[in-house]
Amino acid sequence: MSGALYVGVDLGSSATKCVVLDETTTLVGYHVVKSGFDYVEAGQVALHHALAKAEGEPADVAYCVSTGYGRERVALANRRVTEITCHARGAREWYPAVRNIIDVGGQDTKVIRLSEGGRMADYRMNAKCAAGTGTFLESTAHKLDLSLQQLDELAMTSTEPAVVNSYCTVFAGTEVIERIKEGQPARDIAMGLFRSIATRVSEMLAVRDGAVAVTGGVAAHCRALVRALEEVLETEVLLPPMPQYAGAFGAALLATETNDAERSSTSHVAHR
Amino acid sequence: MSATAAKRIKIKSQERLGALMREHFLDLDEAARDPQRRVAWCTSVGPCEILTAMGFETYFPENHGALLGARRVSHELIPRAVAIGYCAESCSYMTSDIGSTLAGVSPLTEAFGIDGPPNPDLLVYSTNQCREVQDWWGFHGRRTDAAVMGVCPPSHLGEVTREHVAFVSGLLERLVEKIEHRFGATLDRDRLKEVVALSSRASALWRQVLDTARARPAALTFFDGVIHMAPVILMRGSQKAIDYYETLLAELNQRIADGVGGIPEERFRIYWEGMPIWPKVRELAEKFFDLRTVVAASTYCNSWAFDEYDGGDPIEWMARTSIEIFINRDEVSKQKFLSEMFNRFEIDGAIFHNARTCPNNTNSRFGMAQRVRDEMDMPVLVLDGDLSDVRFFSTAQTMTNIEAFIEQLEECKR
């Protein structure tokens, strides 16, 4: 591999994603691994495989931006940026006119509002609670002895989604049991769970004009989430080609955009 | 400790503050043991001047609640209060203080070597800040058999009218009568004038201290303010508070002259709306320090910056100041105040703290944050947390939220 590489590492609570861009911002490598217990190792493994796909090695990396909850644990990072900014940057690259970005992650859900010029105008993050996040779906699927994929497939066959109102994952689990007791079909209960996430998202979306895109791991694996969002928000929801990589992609783009002056100064965000 | 913390230039007066607090609490402890002296507990913006003028030593339980939070023990004590029927979502100052009493532990022991809060002869509250104090004082009244007396002024006021002030003056006069009757004492009106003048002077100096954050770089931050505000709460009505603020103000003015700021190379100026997050004050101070962002002004620290006393009826001054405070006003008045503060301190962004157990001192629950953003073109961030109970707080989420907010301000600046 010749030429400089720009790397974005998104070390999330569930998965660690790495994206490698070349000097023309062409995607040349990417990889995802489970974050597990060792964030440092997860970052290294994801980077190693992404660089391998790019036919590069660590010495080729001109600049690296880390993001996600484990962003402080990425040793290679020159700069650390929040996943909010990175998801916004990634989504904007795929959809230049997008105004609203919904990132449903493992630990939290964010809604980011962009200005007409593409700048971050506002954002909101869910409160300290798992309801409305990927963890909520995983936890409930586990309770029903289903994989996330099975839950999604089941939900996509729903004709009359059940109502799951609770603000709390534990109480939502209780509500699911109530719905089972009432004899509601599993497919409708499954879709009810996705609808409850969409409802939480709708609470965070104050202004509803402009295009809406959804990013994050849940969107990557669950078509039912996109459907639920479209039904609840009553608008088309754009699903980018690599939704799970939006944060890492945005981080890599920010790496390419960091100018020489910024590189030579001590970043306020990164403390290496 | 962050990598950059070593660059922070400490406010030297803090040493004097430590000694002052020690003297204050040791004296209170002595007063509680001395049959010739009386101790009254009072709410933080309550009618303490009347109590001081009548010879009571005053103790402020909300300060104990804050101390329990700052010492990160509230979450261990709150379950004790919950177990006897106090809701876990009600004021965590109250529940942690009640829990502390039930457990027989207090941070005052470690800090000053005393058993805990001084036993009260009298408990006086004003519901000008919240109704919870009535129930909180009630707990201690039942426990100690001390008299519980209070005033319930009109709340959520728009314009504060002469009628409002006259009504509250009447409540305070009735309170005086009740205390006089109960303790066989007489309020010396000239002494009350003196105490109110001292209170007003301390408050005016406190306002000047807060105003040193208008300088660039700001001479002090919100996180300094929440420490140095102690005398204006605990010792107002005394010369000690005045002396302390004169010393502190001189030091801060010298910092301005020397170009020394609370945050070196300050990039952004933030307004903090709502209660401090006491268990996380240090972590938050370091986060903002690392982000080279100063929290330059706050509603909270400004709560004890009253209008000056003009030498008239001291009861009327107390009545007016007690209901004019931000927390006792309607949303329109609050928003107007915020707008003035944003201009006065040249604020770049506002953070609203949604304190889960303190709805009365949380102003993001009725759309104000969004109105501030839209009507004042002010970037806003709402943080979920609590004043004392860390169980309502997520460090990772909060720190990401703050970093993202600064990234948003950077984008605005480009």
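**Figure 1. The two domains of chain A.** Chain A is divided into domain 1 (5–87 + 245–264) and domain 2 (97–239); such bounds come from an automatic or database domain assignment. The model is predicted: local features need pLDDT of at least 70, side-chain atom pairs count only at pLDDT 80 or more, and totals for chains, interfaces and linings use all residues. Residues are numbered from 1 along each chain as its sequence is written, while chains are lettered from A and ligands numbered from 1 in the order in which they are written. The centres of domain 1 and domain 2 of chain A, taken over C-alpha atoms, are 27 Å apart. Nine residues from domain 1 of chain A and 13 residues from domain 2 of chain A make the contact. Two residues are in contact if their C-beta atoms, placed from the backbone, lie within 7 Å. On the side of domain 1 of chain A that touches domain 2 of chain A, helix 2 (residues 83–94) of chain A gives the most, with three residues. Helices (H or I, at least four residues) and strands (E, at least two) are DSSP runs, numbered from the N terminus. That side of domain 1 of chain A holds four nonpolar, five polar and no charged residues. Here Ala, Val, Leu, Ile, Met, Phe, Trp, Tyr, Cys and Pro count as nonpolar, Asp, Glu, Lys and Arg as charged, and the others, Gly among them, as polar.

**Figure 2. Chain A as a whole.** Ten helices and ten strands make up the secondary structure of chain A. Its C-alpha trace spans about 65 × 40 × 30 Å along its principal axes. The radius of gyration of chain A is 19 Å, which agrees with the value near 19 Å for a compact globule of 272 residues. This radius is taken over C-alpha atoms, and the globule rule is 2.2 Å times the number of residues to the power 0.38. Of the 272 residues of chain A, 53% count as buried. A residue is buried if 20 or more other C-beta atoms lie within 10 Å of its own, exposed if 12 or fewer, and partly exposed in between; C-beta atoms are placed from the backbone. Take the contacts in chain A with a separation of 6 or more: residues 24 or more positions apart account for 69% of them.

**Figure 3. An open sheet in chain A.** Five strands form this sheet in the order 3-2-1-4-5, with mixed pairing. Strand 3 (27–34) and strand 5 (79–80) of chain A are the edge strands, each pairing on one side only. Two strands pair if DSSP finds at least two bridges between them. Strand 2 and strand 3 of chain A run antiparallel and are joined by seven bridges. Leu21(A) has Leu27(A), in strand 3 of chain A, as its bridge partner.

**Figure 4. Strand 1 of chain A and its two partners.** Strand 1 (residues 5–11) of chain A is mostly covered, with seven of its seven residues buried. Leu5(A), Val7(A), Val9(A) and Leu11(A) point one way. Tyr6(A), Gly8(A) and Asp10(A) point the other way. Strand 1 pairs with strand 4 (residues 61–67) of chain A in the parallel sense, over six bridges. There, Tyr6(A) stands opposite Tyr63(A). Strand 1 also pairs with strand 2 (residues 15–21) of chain A in the antiparallel sense, over six bridges. There, Val9(A) stands opposite Cys18(A). A hairpin of three residues joins strand 1 to strand 2 of chain A.

**Figure 5. Where chain A touches chain B.** The contact takes 17 residues from chain A and 18 residues from chain B. On the chain A side, helix 2 and strand 8 (120–125) each supply at least two residues. Strand 8 of chain A provides the largest share, four residues. By class, the chain A side has nine nonpolar, four polar and four charged residues.

**Figure 6. Glu138(A) in helix 3 of chain A.** Glu138(A) lies in helix 3 (residues 134–143) of chain A. Glu138(A) is partly exposed because 18 other C-beta atoms lie within 10 Å. The C-alpha atoms of Glu138(A) and His221(A) are separated by 12 Å, and the two residues are 83 apart along the chain.

**Figure 7. Two helices of chain B.** Asp258(B) lies in helix 12 (residues 239–258) of chain B. Asp258(B) counts as exposed because it has 10 C-beta neighbours inside 10 Å. Asp258(B) and Ala219(B) are 39 residues apart in sequence and 10.0 Å apart in space, C-alpha to C-alpha. Helix 15 (residues 331–344) of chain B has 14 residues. Helix 15 reaches 20 Å from its first C-alpha to its last, close to the 20 Å expected at 1.5 Å a residue. That expected span is 1.5 Å times one less than the number of residues. Just after helix 15, Glu346(B) takes a positive phi of about 50°.
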